[in-house]
Amino acid sequence: MTVESFVGAIEALLTVETMIWLLAGVIIGIIVGGLPGLGPPLGMAIILPLTLPLDAANAIILLVGVYSGSMYGGSIAAILINTPGVSSSAATMFDGYPMSQQGRAATALAISATASAFAGLFTIAALILFSPALIEMVLAVGTPERFLVAILGLAMITVVTRGSLAKGLLAGVAGLLVTTVGIAPMSLDQRYSETMYLYDGIDFVAVLIGLFAIAEMMKLAGQEGGIAKDEVTIDRAGITEGVRSTINHPITVFKSANIGMIVGAIPGAGATVSNFVAYSEAVRSSSDPDSFGSGNEIGVIASEASNNGTVAGSLVPAISFGIPGSSSTAVLIGGLLMHDLRPGPSMFDPSGELTLTYTMLLALLVGNVVILLFGLSMVTQLGYLTKIDTDYIIPMVIVLSFLGTYALRINPIDILTVIVFGIIGFYMVRYNYSVIAFVLGVVLGDIAEENLYTALQLSDGSFMIFVNPLEYGRWLSLILSVLIVLLIFGPYVKQWWERRQAV
Amino acid sequence: MFSVIMDRRTFVQTTGAVGAVGLTGLAGCLGDDNGDNGDDFPSESLTWMIPWGEGGGTDTYARQMAPLMEDPLDQSIEIDNREGAGSMLGSEWLVQQDPDGYTFGTVNPPGWSFTWRAQDVDAWEPEDLEPIAYSGVFGYTLIVNDDAAEDAGGIDDFESLRDAYADDEISGFGYQGAGSDSHLTTLLLREEYDLDYDSAVPYDGGGPTMEAVIGGEVAAGFATNTSAVAAEESGEATAIVNLMDIDLDHVFPDIDPITDYGDSLAWITEFYQVQVAPPETPEEEREVLMDAIQEATEHEETQEWEEETGNIVEFGDMDDAADQYVGSVEEIESQVDESIGGFDEFQRLVEEEEDEEE
Amino acid sequence: MEQDDTVGSIADRVRAPLETVLGERPTMEHVLLLLFLVVGVYMYQGASEFAPDAQTFPRLMAGGTAVLAFLLLARNYLTVVAPLVGAGLGAYLTYDGVTTFLADGGGLVSLVAGVGLLVAVVGFRERFGEGVESFVAEPIQVMGDTDTTDAIPESETEHEEPPADEADSETADADRASSGEESDSAAMYVYEIDDPKGPVVTGALCVGYMLLTFTIGMLYATPIFVIAWTLWVRMDVPKAVALTVLSFVTAYLFYDLIQDDIAEGWLTGWELPAPDDLLGLWIHAGDLLQWGVVIG
């Protein structure tokens with residue numbers, strides 16, 4: 001019985017020991033996630049062998065806690081110092097950091113905690129209720145759909161770009177060009193990689209850290225004072241404001257959480273892309289899109305709500321098929337196997353491991369409450385960071401960025417990447433070239449190229465696979481294609497229509 | 001302890017005088033605090049390099065074995081995933097490590113030797129690495145999507161799979177990456193076993209290939225014997241052909257051996273979990289590691305794990321391990337010569353398939 | 001831009017003719033665009049070595065990067081340059097398409113695109129130039145003239161922003177009047193530079209940090225970088241010491257908990273003894289001293 005499994009899960013969760021492991025996991029996660037470059041896969045991989053002596057439920061709860069906590073940790077770094085702690089909180093920087101500059105760090109952090117928690121609660125509840133439907137969806141998403149999701153993300157460039165379209169496009173195309181370095185997906189060609197350190201291409205986390213953290217530190221070095229410019233006091237009022245702001249935007253939270261969960265459930269594409277998609281959608285649907293990028297609270301809400309939805313979504317392919325959608329879930333699967341749990345339908349079968357699956361999901365849920373309480377209680381203290389003279393902040397952020405990037409793979413190219421893209425990013429922002437478009441290109445290039453190639457193999461070279469469900473049976477592809485066309489041409493059509501009406 | 005201190009002092013004093021190479025050696029030994037005394041080995045934690053990502057087949061083996069090896073070694077083992085370039089990146093890294101026994105890794109010949117040959121790696125050779133032991137075997141099976149099989153009126157062995165492709169009842173055959181060993185096997189299956197698939201589709205490794213078969217994007221495709229278990233657990237696919245020589249009947253009672261339809265393909269479909277050490281790692285240290293590996297493979301937890309997961313655990317000593325990769329490149333070359341006319345021909349076939357795409 | 005203040009009169013003499021060529025004051029933006037242009041051309045060329053399928057994507061992206069960078073560089077001459085670029089591109093694509101078509105029957109897409117482009121350029125030379133100009137130099141106006149509807153994402157920026165991109169404003173605020181630019185681009189990050197040397201020195205220190213990392217390893221490069229930084233900002237000694245210690249502790253935690261390879265110089269293979277070994281040495285030295293005292 002499903003209900004019995006659910007009750008069993010609650011009983012399993014509500015023990016002191018389990019709660020301690022969950023708390024430990026979340027706190028470790030927040031620390032690991034807050035350090036630039038490291039990210040949840042490494043944190044989880046380090047924890048993995050330590051979970052051996054634990055029983056299966058506690059081990060998985062610890063791992064899930066780290067996963068979930070690191071998402072929030074990543075947001076802290078993104079908001080306070082414009083450094084992407086984890087790639088899935090990259091979009092939080094776009095508005096979260098400008099808020100910090102305006103002295104509204106506390107509000108942004110409170111939004112982050114609240115939006116994460118609400119979205120987490122919502123998506124996990126949805127997951128418990130609708131996991132069969134989501135499992136179907138994972139099966140429906142194949143190569144052509146992954147390609148189209150990447151294109152959808154790239155089409156967002158036209159939404160997020162401000163100023164000259166040529167500049168935005170140049171940034172996007174240059175970002176895509178970065179991804180062509182390394183082994184080609186369809187042949188043995190090592191493109192532009194004379195040295196073996198480049199075989200796997202340019203690491204996009206290093207690019208992110210360069211573009212945002214290093215570029216920002218270079219900029220701050222030219223300025224006086226702390227990160228927060230305005231003479232404001234950081235107090236608890238900001239927290240109330242943040243919580244209220246989140247509550248006042250339930251649609252953004254709901255929509256972004258769903259985007260996070262659905263896109264996050266797509267193996268291989270989801271985890272990194274979802275927050276960009278949610279952010280762009282918030283910009284697109286806003287009545288005041290120009291205010292994004294300069295501290296719009298909705299931007300933070302959208303990104304933060306989506307990345308916790310992503311955690312829930314990415315668990316679907318992992319526990320139902322053993323398909324790791326990202327390296328974090330790959331480690332999680334490793335943890336499951338280590339404790340003799342085999343991903344598969346039995347994880348959702350009341351006579352199988354359903355109780356454990358529920359325990360895991362409920363642990364995520366409680367983890368979100370922990371994040372909310374922890375987040376809100378730490379907000380003011382963390383906020384003071386933005387008042388510290390940047391003379392102290394800059395070297396520490398650079399040191400953390402270098403250490404985090406280098407420790408991950410010990411690839412000297414990564415350090416070079418951080419510096420080169422730091423300098424490029426500094427001037428790109430200075431001269432109004434969209435760094436966001438560049439990042440979208442870097443994140444999506446591989447996914448787009450590889451899946452386009454494979455999709456064309458499937459269709460014997462015909463592009464009709466993306467738009468003709470009658471022959472290929474891919475309705476989701478058609479829907480995505482239509483969405484892309486709407487996104488790109490929608491504004492033009494709308495304008496044309498309105499002008500026609502006016503005449 | 002005193003002598004160590006003296007050595008360190010010497011090191012500090014001579015920093016300026018000793019050349020870079022000498023310094024490296026000294027720093028490597030002294031900084032790591034292990035000395036040259038074989039009896040003490042290991043006196044600090046070890047690094048086990050896995051040239052694949054977390055969660056992959058080889059990684060799972062290592063993560064199963066490592067904790068059980070820590071007891072006999074009395075040291076902790078850190079697993080270091082260095083994925084990339086089809087395991088060549090990690091292997092190249094391993095070749096460059098200090099031969100002190102504290103760093104070792106797993107490679108998977110003959111697929112490893114094949115990749116080395118296919119990528120024209122020239123900075124090092126597989127035989128540069130020193131053998132330790134092997135701890136397991138895995139290999140390819142073919143899995144078929146259940147719905148596709150049903151639509152085609154039932155596919156339960158190689159013959160019915162062949163017929164279904166021949167009659168255009170199913171579409172798409174997935175393999176694990178362009179130019180990979182499974183790509184070669186794909187070509188061999190067409191040329192020598194009459195598997196007349198309509199389109200062969202490369203995926204980015206084992207996970208995505210399995211995902212494509214489970215999702216029905218391709219009707220059939222490659223899966224290692226362990227991921228075939230996972231594929232069956234998903235309830236969407238069934239393993240029907242065993243491409244290895246090793247018997248899989250205890251895991252898949254109805255699986256059809258490819259050897260019923262032609263020569264053995266084991267030279268390209270059967271892989272070993274071979275532990276190797278950097279060039280010139282002394283035999284003493286390797287023996288210590290070998291004994292620990294043997295103990296781990298024979299541990300009852302491993303036996304249970306083997307039964308539950310379908311992984312095949314098999315211990316081979318240092319000489320057996322060497323047999324798995326010493327000379328394997330030559331063996332592969334002669335097989336490729338014989339079956340499709342050499343590696344250049346294989347490269348040409350890879351390119352040709354691309355051109356069909358244009 | 002900030003470099004402009006630091007370069008001497010020799011650079012001024014170089015800059016004058018450059019200014020005539022570009023039609024605007026040379027800034028670091030031109031260096032950035034030149035970088036994109038060079039990298040684009042180089043990668044376009046380099047792609048010819050790859051297998052046919054592995055070429056397509058890099059070629060498209062490299063070509064796109066180079067063409068866009070070139071158009072932005074030539075933004076003051078677009079009415080003249082754009083048709084020329086268009087014609088050249090069209091001719092190239094046509095030629096490429098024809099040769100591929102003759103060779104193996106492919107290349108139809110580039111043939112059609114090339115011919116289309118040629119026709120567009122030759123037939124509508126004036127309008128082509130203007131079209132490209134509005135694409136390059138002006139903010140996205142989607143359909144142009146609606147300023148009031150905020151349904152059009154970008155329309156509002158028009159009032160605040162256009163000067164930031166346009167040539168004449170670049171010239172105007174190129175050097176010192178940088179504050180003018182900021183108010184122009186309110187929608188983007190704003191860079192107020194009080195001290196133009198700051199970013200340059202930070203960049204240089206980062207490069208130094210990297211080089212040190214490659215020689216002596218990151219463990220010890222880290223405190224050295226922080227010391228260099230505190231010297232540059234003339235930090236009080238106690239605070240500087242505290243910051244250096246903090247950075248070293250951080251580096252040590254990474255070394256100890258996450259990855260001990262960070263102590264090794266990648267280029268040299270050097271690995272200086274870790275601090276715990278040194279500490280051990282120190283403790284033992286203390287022991288020895290005690291023994292010495294006892295024996296003595």
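Chain C has 14 helices and zero strands. The model is predicted. Along the sequence, chain C reads α-α-α-α-α-α-α-α-α-α-α-α-α-α. Chain A and chain C touch through 70 residues of chain A and 80 residues of chain C.

**Chain totals**

- Chain C has 296 residues, and 36% of them count as buried.
- Chain B has 358 residues, and buried residues make up 53% of them.
- In chain C, take the contacts with a separation of 6 or more: residues 24 or more positions apart account for 53% of these.
- In chain B, take the contacts between residues at least 6 apart in sequence: 74% of these join residues at least 24 apart.

**Where chain A meets chain C**

- The contact draws 70 residues from chain A and 80 residues from chain C.
- On the chain A side, each of these helices supplies at least two residues: α8 (165-178), α9 (204-221), α16 (390-409), α17 (412-430), α18 (435-458) and α20 (475-502).
- The side of chain A that touches chain C has 44 nonpolar, 13 polar and 13 charged residues.

**Helix pair α3 and α4 in chain C**

- Helix α3 (residues 28-46) and helix α4 (residues 52-73) of chain C pack at an angle of about 150 degrees, and their axes are 8 Å apart.
- Angles over 145 degrees count as roughly antiparallel, so α3(C) is roughly antiparallel to α4(C).
- From α3(C), the contact uses His30(C), Leu33(C), Phe36(C), Leu37(C), Val39(C), Gly40(C), Val41(C), Met43(C) and Tyr44(C).
- From α4(C), the partners are Pro58(C), Arg59(C), Ala62(C), Gly63(C), Thr65(C), Ala66(C), Ala69(C), Phe70(C), Leu72(C) and Leu73(C).
- By class, the residues of this contact of α3(C) with α4(C) are 14 nonpolar, four polar and one charged.

**Helix pair α13 and α14 in chain A**

- Helix α13 (residues 297-321) and helix α14 (residues 327-338) of chain A cross at roughly 45 degrees, and their axes come within 10 Å.
- α13(A) and α14(A) are therefore oblique to each other.
- The crossing of α13(A) past α14(A) is right-handed.
- Ser314(A), Leu315(A) and Ala318(A) of α13(A) make the contact with Thr329(A), Leu332(A) and Ile333(A) of α14(A).
- The contact of α13(A) with α14(A) has four nonpolar, two polar and no charged residues.

**Domains of chain B**

- Chain B is divided into domain 1 (45-138 + 271-333) and domain 2 (139-268 + 342-357).
- The C-alpha centres of domain 1 and domain 2 of chain B lie 27 Å apart.
- Domain 1 of chain B gives 17 residues to the contact, and domain 2 of chain B gives 14 residues.
- On the domain 1 side, α5 (111-118), β4 (130-145) and α15 (328-340) of chain B give two or more residues each.
- The largest share of that side, four residues, comes from α5(B).
- The side of domain 1 of chain B that touches domain 2 has eight nonpolar, six polar and three charged residues.

**Thr103 in chain B**

- Thr103(B) lies in strand β3 (residues 103-107) of chain B.
- With 20 other C-beta atoms within 10 Å, Thr103(B) is buried.
- Setting aside neighbours within four places in sequence, Thr103(B) is in contact with Thr47(B), Met49(B), Gln97(B), Asp98(B) and Pro278(B).
- Thr103(B) and Ile77(B) are 26 residues apart in sequence, and their C-alpha atoms are 9.7 Å apart in space.

**Backbone exceptions in chain B**

- Most residues other than glycine have a negative phi, and most peptide bonds are trans.
- A cis peptide bond joins Pro109(B) and Pro110(B), with omega about 5 degrees.
- Pro110(B) sits in the loop between β3 and α5 of chain B.
- Asp168(B), a residue other than glycine, has a positive phi near 60 degrees.
- Asp168(B) is in the loop between α7 (158-166) and β5 (173-175) of chain B.
- Asp168(B) is exposed, with 10 other C-beta atoms within 10 Å.
- Asp194(B) is not a glycine, yet its phi is positive, at about 55 degrees.
- Asp194(B) is in the loop between α8 (181-193) and β6 (200-202) of chain B.
- Asp194(B) is partly exposed, with 14 other C-beta atoms within 10 Å.

Technical notes:
Residues are numbered from 1 along each chain as its sequence is written. Chains are lettered from A and ligands numbered from 1 in the order in which they are written. This is a predicted model: local features need pLDDT of at least 70, side-chain atom pairs count only at pLDDT 80 or more; totals for chains, interfaces and linings use all residues. Two residues are in contact if their C-beta atoms, placed from the backbone, lie within 7 Å. Ala, Val, Leu, Ile, Met, Phe, Trp, Tyr, Cys and Pro count as nonpolar, Asp, Glu, Lys and Arg as charged, and the others, Gly among them, as polar. Axes are lines fitted to C-alpha atoms, for helices over the stretch in contact, and angles run from 0 to 180 degrees between N-to-C directions. Angles under 35 degrees count as roughly parallel, over 145 as roughly antiparallel, 65 to 115 as roughly perpendicular and the rest as oblique. A crossing is left-handed if the near helix is turned anticlockwise from the far one by less than a right angle, and right-handed if clockwise. A residue is buried if 20 or more other C-beta atoms lie within 10 Å of its own, exposed if 12 or fewer, and partly exposed in between; C-beta atoms are placed from the backbone. Domain bounds come from an automatic or database domain assignment.
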